Amino acid sequence: MAKTTFREAARAAMREAMRADPRVFLMGEDVGRYGGAFAVSLGLLDEFGPERVRDTPLSESAFVGAGIGAAVGGMRPIVEVMTINFSLLALDQIVNTAATLRHMSGGQIGVPVVIRMASGGGRGLAAQHSHSFEGWYAHVPGLKVATPATVADAKGLLLAALDEPDPVIVCENATLYPMQGEDEDATPMRLGVAAVRRAGKDVSLVTYGGSLPKALKAADDLAAQGVDAEVLDLRSLRPLDVDAIVATVAKTHRAVIVDEMWRTGSFAAEVTAQIVERAFDELDAPVARVCSIEVPMPYAKHLEDAALPSPERIVAAVRSLL
Amino acid sequence: MPAADFLLPKLGADMTEGRVVEWLKKPGDPIARGEVVLVIETDKANVEVESWAAGTLERILVEPGDDWLPVGTPLAVIAGEGAIAPPPTAPGAAAAPAPKPAPVVATPAARPAAPAPRPAPERVHVSPIARKRAEALQLDLAHVAGTGPDGRITLEDVERAAAARPAAPTKPADRQARMREAIAAAMARSKREIPHYYVGTTIDLSKALAWLAAANAQRSVTERLLYGVLLIKATALALREVPELNGFFVNGRAERRSNIHVGVAISLRGGGLVAPALLDADRQPLDALMRALQDLVQRARAGSLRGAEMTEPTVTVTNLGERGVETVYGVIYPPQLALVGFGAVVERPWVVDGQVLARPLVNATLSADHRATDGHRGAIFLDVLARLLQEPEKL
């Protein structure tokens, strides 16, 4: 089977959707002639033309708002926001408009917009391009939040997002774009279904997005130490597959939650709360979290590395529970 | 008419279980307060258990049999006559507020299953699933060692402890072994919890023994007094003057008792010992005390003591003189505050008025709980004891 990358898989999903449905179009900063800040949309302009692959001004509030309006008007827009940090400029459009219209119109008006954004650190882009706010979006009812972590999910979850009748935020951890994987025909996916990426019996590493490869690496390291870790990929934060979380904790009785958000109020905190509420009697140890250190993301590489979750920190967290 | 359970009483601080030997009452029988209702076998003896309550024996719940039952097991239902005064606090029992409505309780010792007071232990950390599993396995977490971080008891620890647990409770079949276990538990607790101090003195018994010989010359063989009864009476009277040594250490503090019930250590044939009480020993004339002592020894060796005798001792006297030792360093029977030991009476040179004379001497020792008293009080006690034994006619 041919190899492909996370980046190409996301592009393939957009191409497939645009070929299948004339209502689907892409807009965002530099998505057209430049091919996207992370080259995800490279080549799409040539295939679909400037009507369906639209470069926008540098105004997140305006073009996200335009995408929401197009969705209300019957289109199926994909809006690319260069980084999740910049999406804060469109927060009003997303939270006050996209997430609320179905509710405020008594179900008459849906907003089937997909807003893709690059998230996470590790790329030397410092404190205004490197953060992880996906948990903020997952806080908002009316939104759905997908966090693909594999090549297959880059395509499959994006197609699932496009099938949703309501706004979906797709957070693509930018460190994953070059990740290679099999180019397989994704079986249709839906949001809200977690996946066990590695089965184990001693401890559950619950994670998503850019932290999945770190958790898998940590699981390998732990295996060498005789600790059999299970790795659960949440895949979407809202809806959240709580049953899968409970199931893995019921199996291993220990949980370490890994995410790249700042520890305080991180999505890991929500997962922890779900475990305590739903699986308290299964726990054989306190739940542990491995999150980002609470500083604006440093520019210097060694400091950035120190600020982000790492396989070493995950292993250390697991060992503290055994 | 309120009915309440008659519970298997705790007949001593070290008793954890017992079994029903015989019911002396049958359903429908009226029961007076203090009346013996049944015979319970403990590790140490067959004990006649009195009812603390008055009423009617409505129903027997446990027939005589081989089953060892935990303290607090309901044995019968007694229909009471109304409000029943709560029993006095038993020596081994926590002085919890009387439950309301006051239940019918078997004996003064019958605060059901009240654990012997101990220093508040640190909270044991147990993971939620370990706790749940231990409950399912009916495993007592107090005996599970935690291997998790900070000593937390984990699921694995519980499973391991459960696997190591013998299939059935190991209750040694013969009474000797069970008694050994019970003594081991009580003495280990004593040495673990009670900071002992020891003081001793040598007492000249010439006057006491001369008085005894004269007194016995007036008595028939069966009525003769034994020298040991003088020691018990003298001890009881000395405790009147030093009451800090008479009572129990419960709930983190010493509680004096106004009644002086002297527990008498009685060696049993085949090993082991019991220390049942001579009730109100300070108030009994010597002859009555002698008869009570003979009766107690006889019944202790026959294995039929009464509940109150097992639970009431407020102090213990041990006399190992007949075994030839000169000095006893006793271990306090918890939760009592003190133990008085006597060695053999030996004839030794003794200086009286500047002259060396041969005199019968005994070493008296006091082991006492340093949480309750200091050596100073202990010394005063021995001093009083020695003085009382110089005036045997007043005993």
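Okay, ground rules. What you're looking at is a predicted model, so local features need pLDDT of at least 70 and side-chain atom pairs count only at pLDDT 80 or more, while totals for chains, interfaces and linings use all residues. Residues are numbered from 1 along each chain as its sequence is written, chains are lettered from A and ligands numbered from 1 in the order in which they are written, and side-chain values use heavy atoms, with hydrogens and water left out.

Let's take the interface. On the chain B side, 11 residues are in contact with 11 residues of chain A, and contact here means heavy atoms within 4.5 Å. The two chains bury about 820 Å² between them, 56% of it on carbon and sulfur atoms; buried area is the accessible area (1.4 Å probe) lost when the two parts are put together, summed over both. Over in chain B, the residues losing the most area to chain A are B:Pro128, B:Ile129 and B:Pro149, together 53% of what that side buries.

So which side chains meet in a salt bridge? They're A:Glu282 and B:Lys132, at 3.9 Å, N to O. The rule (a side-chain nitrogen of Lys or Arg within 4 Å of a carboxyl oxygen of Asp or Glu) finds one salt bridge across this interface. As for secondary structure, H1(B) gives the largest share of the chain B side, four residues; helices here are DSSP runs of H or I, at least four residues, and strands are E runs of at least two, numbered from the N terminus.

Now, the empty space. Rolling a probe the size of a water molecule over the atoms shows where empty space is left. On a 1 Å grid over the protein atoms alone, a cavity is a set of points where a 1.4 Å probe fits but cannot get out, a pocket is an open set with protein on both sides within 12 Å along at least five of seven lines, and lining residues have an atom within 4 Å of a point. Points are joined across faces, edges and corners, and a volume is the space filled by probe spheres set on them.

The largest pocket holds about 900 Å³. It's lined by 41 residues, with B:Val264, B:Ala265, B:Ile266, B:Thr318 and B:Asn319 nearest its centre. Elements giving that lining two or more residues include helix H3 (175–193) and strand E17 (315–319) of chain B.

The largest has a volume of about 160 Å³, and of its 17 lining residues, B:Leu11, B:Asp14, B:Lys44, B:Met310 and B:Tyr333 are closest to the centre.
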